[in-house]
Amino acid sequence: MNFDRKNLSNEQLIDFYRKILWPRMIEEKMLLLLRQGKISKWFSGIGQEAIAVGAALALDEDEWILPLHRNLGVFTTRNMPLRRLFMQWQGNKGGYSKGRERSFHFGSAEHHICGMISHLGPQLAIADGIALANKLNERAQTKTGKQKICLVFTGEGGTSEGDFHEALNVAAVWDLCVIFLIENNGYALSTPKEEEYRCISLVDRAKGYGMEGVQIDGNNILTVYDTIKGVCDYCIQHQKPYLVECTTFRMRGHEEASGTKYVPQKLFDIWQLKDPVTKYEEYLTSSGVLNHDEVEAVKNEFREKIEEELAVGFAAKSASPDTEEELEDIFAKSGAQTNKIDNSTSAYRPAIATRDLRFVDAISEGLRQSLQTHSNLVLMGQDIAEYGGVFKITEGFVREFGKERIRNTPLCESAILGAALGLNLEGFKSVVEMQFADFVTMGFNQIVNNLAKIHYRWQQSADVVIRMPTGAGVGAGPFHSQSNEAWFVHTPGLKVVYPATSIDAKGLLIAAINDPNPVLFFEHKALYRSITGPVPSDYYEIEIGKAKHVREGNELSIITYGAAVHWAEDYAAEHPETSIDILDLRTLLPLDYFSIREAVARTGRVLILHEDTLVGGIGGEIAAWIGEHCFTLLDAPVMRCASLDTPVPFSSELEANFLAKSRLDEAIQRLMNY
Ligand SMILES: Cc1ncc(C[n+]2csc(CCOP(=O)(O)OP(=O)(O)O)c2C)c(N)n1
């Protein structure tokens, strides 16, 4: 192995030695402890340390780095104290995730490290968002005055995921300063690289994205360091991303305790001769930078330090559950509300000037005023810029706010949602428009695993609103008509908002944008241009989590939301013989249980009405809650009226039959006659 020190001083070379030796010695100690049954298993980086350490050394400490499960060297090179890392691995409260995450699946904003989720690939697009934030911050600089770049890791296994493709493509199209680093260690769990991909080297893929790339020896710390330094300069000079493939080998099992039987011994023998720590040590001693006594002294110092740190770690208290804290930590704290309007009762009369706006225009106005209010707000979506979005909600926005903030995206929901999270790591807010709510499936993982869980996992906010043009009734068939709100209601960490009127659409959208948490904002397409209502021209918020009592009645309560609110109102108007009470939930997560209870109490007969299909719809959840908590208030069983349990059909006759509306009269009669 050829070590080229270039102009590195002896002090730097020794510092590098200490940095690469430290994670190796920690892991060797952990292996002993594992055999003694004293610690939980982790993903070993033994044999690969030169990559994690070399890359982390090449970046400034205030540049974000996004490691994976094998990169202890990133965490230690960013000077995270071993005692706290140890508490993290043991699931102690004093770790970096309050005992909620395993081994290396956590981050720390203080250290500019963004932790992975187990799914690997989704990590890559977060780097795009961070780099976009750096770009929008007028090429943000580090404390040392260098332009910031961002570096993200993937294994060669992870490069087969669609997220790899999406993230590299977005970085290329948006000219983002991201270094994508592939750690090619030959195996993805037990699968050898011959069964993973067909190209000769993964770096060849760079060309396909219109970016440069290089393959290097990942076991040589000086090569890794020097390459990443040079690539940083390249990215800054050309304002482009770059792909680096580091060849290396995994010297231990996929995770400690999982064995290596499937790896031929001869590969271990070959790679043992290229051990990144031993080879570097040999280089330093043979070139006179360190002598053997000095090497031994460092090792002794580390041995002692490891014992000291582990003693503190072992003494740490295990995580004793505090249910209230567990539930509270799902969400980042919201700030005070701005100009709040409370229209939750049917007695509400606007105190400020209003004019009539269509649903679609109210949403547009909420977005425009939010862009005016928050200079750090970015809108992203397919065709939302010059074209104005397929529903024309962002028409004219580019002229007013510019292309940097109103961003057309390639067709890649997952990467854009990941980028939205990355933007927030650097303090930006974003609204992502799904062209149709149906297409959220392509970004589902980012929402339910990254955005939803990050605050609970390591107290990082995910200040992202996802606009979801939803619903049927427009003859658009199975893939442009679905009601998929229930998928998200089942995910702790998300908020799900679903307005039915113009005034609520604007106020709730503004509230969603002000909320530091991920909010799914459902907009029923059939309401866009069919309903009109009074809307204040001011910037105002309507509280998320508060239902609206739409209509007073004393015989039957309909609990509903979205387009179904209008079905219920129309039905009530057409059937004055029945006194119908209507509650518009407006927010589905968190539910307004207080208002639900009041609605039950008002009539004792409850019909839950929704456009979503019946089985697994939110109606089942609400019915269960009412049965459990309001049983004595009921005069009849809680009933549900929902759409047929089929995909949404195209023909207008079939679609009308599919929709819950076609069975509303029957459901009401059944309940009234009980
Ligand atoms: C989406 C997904 N599928 C499967 C897994 C299970 N899994 C965990 S790590 C791993 C192999 C990853 O290989 P690679 O990306 O090369 O990284 P390495 O572990 O070799 O460092 C697999 C299949 C997972 N975590 N996520």
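Predicted model: local features only at pLDDT ≥ 70, side-chain atom pairs only at ≥ 80, totals over all residues.
The chain contains 25 helices and 21 strands. Its radius of gyration is 28 Å, close to the 26 Å that the globule rule gives for 674 residues, so the chain is as compact as a globular protein of that length. Taken along the principal axes, the box filled by the C-alpha atoms is roughly 95 × 55 × 45 Å. Of the 674 residues, 51% are buried. Among contacts with a separation of 6 or more, 79% are between residues 24 or more positions apart.

Three stretches of the chain are assigned as domains: domain 1 covers residues 10-315, domain 2 covers 354-536 and domain 3 covers 551-672. Between the C-alpha centres of domain 1 and domain 2 the distance is 35 Å. The contact between these two domains involves 32 residues of domain 1 and 22 residues of domain 2. On the side of domain 1 that touches domain 2, the elements giving two or more residues are α5 (123-136) and α6 (162-173). Helix α5 supplies the largest share of that side, with 10 residues. By class, the residues on this side of domain 1 comprise 17 nonpolar, 10 polar and 5 charged.

Strand β11 spans residues 429-433 and is mostly covered, with 5 of its 5 residues buried. In a regular strand the side chains alternate between the two faces of the sheet. In β11, Lys429, Val431 and Glu433 point one way, while Ser430 and Val432 point the other way, and all of these residues are buried. Strand β9 (residues 377-381) runs parallel to β11 and is joined to it by 5 bridges. Within this pairing, methionine 380 has valine 432 of β11 as its bridge partner. Strand β12 (residues 464-470) also runs parallel to β11, and 4 bridges join the two. Here valine 431 stands opposite valine 465 of β12.

The ligand has 14 residues around it, of which His119, Gly155, Gly157, Gly158 and Ala188 come nearest. The shell consists of 4 nonpolar, 7 polar and 3 charged residues.

Conventions
Residues numbered from 1 in each chain as written. Near = placed C-beta within 6 Å. Nonpolar A, V, L, I, M, F, W, Y, C, P; charged D, E, K, R; others polar. Rg over C-alpha atoms; globule rule 2.2 N^0.38 Å. Buried ≥ 20, exposed ≤ 12 C-beta atoms within 10 Å, placed from the backbone. Contact = placed C-beta atoms within 7 Å. Pairing = 2+ DSSP bridges. Domains from an automatic or database assignment.
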